[in-house]
Amino acid sequence: MIVTRVTVVVGVLIYIGLWALVVAGASALMPILVVATVLVVLVAGGNLLQSYMGIPGRAQKFRQRPDDDAE
């Protein structure tokens, strides 16, 4: 749990640092950062809409693979 939080915090700090570079003049990074922002907003909005509408999430299904080494 703590590793996940640290990873998210570091990722946000890197993202903010990249935006600081864009403000400082590295305008080539702007399209990449805008696309990343739009994707995050779309995914978060879809998840919020799904929970607002009461649609349950899909359960993950894991298949057991046959062991090839057990011969």
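The views below come from a predicted model.

**View 1. Crossing of helices α1 and α2.** Helix α1 covers residues 2–24, and helix α2 covers residues 30–53. Their axes come within 10 Å and cross at roughly 140°. The two helices are therefore oblique to each other. In handedness, the crossing of α1 past α2 is left-handed.

**View 2. Nonpolar surface patch.** The patch is formed by Met30, Val34, Val35, Val38, Leu39 and Leu42. Together these residues present about 520 Å² of accessible area. Two of the members, Val34 and Val35, are shown again in the next views.

**View 3. Val35 in helix α2.** Val35 lies in α2 and belongs to the nonpolar patch.

View 4. With a relative accessible area of 37%, Val34 is partly exposed. Along the sequence, Val34 and Tyr15 are 19 residues apart. In space, their C-alpha atoms are 11 Å apart.

View 5. Ile2 is part of helix α1. This residue counts as exposed because its relative accessibility is 61%, and the exposed class begins over 50%. Between Ile2 and Ala36 there is a separation of 34 residues along the chain. The distance between their C-alpha atoms is 24 Å.

How values were computed
Residues are numbered from 1 along each chain as its sequence is written. This is a predicted model: local features need pLDDT of at least 70, side-chain atom pairs count only at pLDDT 80 or more; totals for chains, interfaces and linings use all residues. Side-chain values use heavy atoms; hydrogens and water are left out. Patches are made of residues with over 30% relative accessible area and no salt bridge: like charges are joined within 9 Å, nonpolar side chains (Val, Leu, Ile, Met, Phe, Trp, Tyr) within 5 Å. Accessible areas come from the Shrake-Rupley method with a 1.4 Å probe; for residues, only the protein chains shown count as cover. A salt bridge is a side-chain nitrogen of Lys or Arg within 4 Å of a carboxyl oxygen of Asp or Glu. Helices (H or I, at least four residues) and strands (E, at least two) are DSSP runs, numbered from the N terminus. Buried means under 20% relative accessible area, exposed over 50%, partly exposed in between (1.4 Å probe, protein chains only). Axes are lines fitted to C-alpha atoms, for helices over the stretch in contact, and angles run from 0 to 180 degrees between N-to-C directions. Angles under 35 degrees count as roughly parallel, over 145 as roughly antiparallel, 65 to 115 as roughly perpendicular and the rest as oblique. A crossing is left-handed if the near helix is turned anticlockwise from the far one by less than a right angle, and right-handed if clockwise.
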